[in-house]
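Hi,

Here's the structure I said I'd pass on.

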There are 2 protein chains.
Amino acid sequence: MARSGRRPGATGTRERIAAAATEAFAAAGFDGATIRGIARQAGVDPALVHHYFGSKERLFVATMRLPFDPAQLAATLVSGGIDGIGERIMRFAVGVWSQPGVRPVVQGIARSAASDQQAAAILRGLLEATLLPAIRSLGVDQPELRASLLWSLVIGIVFGRFVVQVSPLAEADPEELVTLVAPALQAVLGGPVGG
Amino acid sequence: MARSGRRPGATGTRERIAAAATEAFAAAGFDGATIRGIARQAGVDPALVHHYFGSKERLFVATMRLPFDPAQLAATLVSGGIDGIGERIMRFAVGVWSQPGVRPVVQGIARSAASDQQAAAILRGLLEATLLPAIRSLGVDQPELRASLLWSLVIGIVFGRFVVQVSPLAEADPEELVTLVAPALQAVLGGPVGG
């Protein structure tokens with residue numbers, strides 16, 4: 001089946017797969033959901049799921065409406081090495097959440113993870129699949145623990161700024177946040193914090 | 001009415017006040033609830049509320065079943081000045097949450113704050129009433145923003161360890177957490193991070 005993305009009706013197929021995936025992730029969690037099961041539910045061949053979404057991680061990201069691809073992001077952020085990585089991560093984060101429409105998505109993800117064990121499992125699986133390999137490539141000791149701590153610190157900032165909306169974090173200038181938070185992220189990754 | 005705490009039935013009075021307070025905080029949030037209203041609901045004089053609980057903050061803490069007094073804690077942690085404050089905070093945190101029975105309380109607070117605007121407002125008010133004055137006394141620049149960031153980072157660690165239970169943070173040795181997280185807390189307070 002060549003270039004099925006161009007056929008009329010392809011949008012419908014993609015949406016059917018995404019709807020089946022949303023349902024599967026909600027019911028079985030990230031680990032429990034399978035490409036095969038999602039394909040069956042959507043009434044398509046599993047190859048079509050791969051065609052449209054590439055991998056289970058990407059499919060999950062699509063259903064979460066994340067405004068970026070975590071695997072690609074993690075690779076980009078660590079590609080410059082450990083120096084300045086705290087600032088690169090923080091600068092990326094404030095860049096994402098200053099986009100219109102991102103705030104409710106971020107709030108939704110944080111709230112789902114807080115109240116629902118399956119949503120938490122999905123986030124956890126996503127972290128392990130994307131951020132961890134990137135942090136491992138930095139060559140720091142205890143990459144697994146540092147990756148989970150980094151993730152938790154960023155979630156904490158998101159939580160404080162968008163969910164609990166603690167003042168003045170909720171209204172703080174993004175540049176100021178980069179300046180104050182980057183050294184903390186840098187420290188938890190074991191890199192040089194600087195002046 | 002002298003030493004009403006010694007009278008038979010005093011325990012019942014205290015519990016009636018606590019129950020009225022829990023209801024009031026849930027209905028009106030920390031800011032909206034009043035000692036006067038809580039006393040009326042419990043059928044006691046407002047002076048009795050002060051007698052048993054001292055202040056609205058302490059009353060809230062009692063209804064939340066926090067295993068410590070945030071105001072006293074914050075004062076203790078900053079009393080040693082900025083040097084090593086990240087380690088003192090982190091050491092206190094792991095000490096609290098390793099106590100039996102604390103985990104469900106911590107999970108409950110994090111989940112309430114994530115899903116409920118009023119619980120979030122309560123936590124926010126508590127932070128502003130306790131942690132902020134302590135951080136201000138350190139003499140750092142931007143104490144308000146640093147206090148809200150510190151709070152968010154700690155909440156993030158709690159969230160990752162107890163709510164989302166991301167591995168290996170969820171199982172990590174407390175001493176290891178102190179070692180890895182203290183420099184991050186220190187950095188966000190603008191103190192010397194050290195080696």
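Phe159(A) is buried, at a relative accessible area of 2% (buried means under 20% relative accessible area, with a 1.4 Å probe and protein chains only). Phe159(B) counts as buried too, at 1%. This is a predicted model, where local features need pLDDT of at least 70, side-chain atom pairs count only at pLDDT 80 or more, and totals for chains, interfaces and linings use all residues. Residues are numbered from 1 along each chain as its sequence is written, chains are lettered from A and ligands numbered from 1 in the order written, and side-chain values use heavy atoms, without hydrogens and water.

So what do Phe159(A) and Phe159(B) form? They make a tilted aromatic pair, 5.1 Å centre to centre with 45° between the planes. (Rings of Phe, Tyr and Trp, its six-membered ring, pair if their centres lie within 6.5 Å; planes under 30 degrees apart are stacked, over 60 edge-to-face, the rest tilted.) Phe159(A) sits in helix α9 (residues 143-163) of chain A and Phe159(B) in helix α9 of chain B, so the pair joins two chains. Helices here are DSSP runs (H or I, at least four residues), numbered from the N terminus.

Now for Arg161(B), which lies in helix α9 of chain B. Arg161(B) is buried but has no salt bridge (a side-chain nitrogen of Lys or Arg within 4 Å of a carboxyl oxygen of Asp or Glu). Asp173(B), the nearest side chain of opposite charge, is 7.7 Å away. A polar atom of the Arg161(B) side chain does lie 3.0 Å from the backbone oxygen of Ala172(B).

Cheers

Technical notes:
Buried < 20%, exposed > 50% of the residue type's maximum accessible area, 1.4 Å probe, protein only. Lys, Arg positive; Asp, Glu negative; His and termini not counted. Polar contact = N/O pair within 3.5 Å; in protein donor to acceptor, adjacent residues only side chain to side chain.
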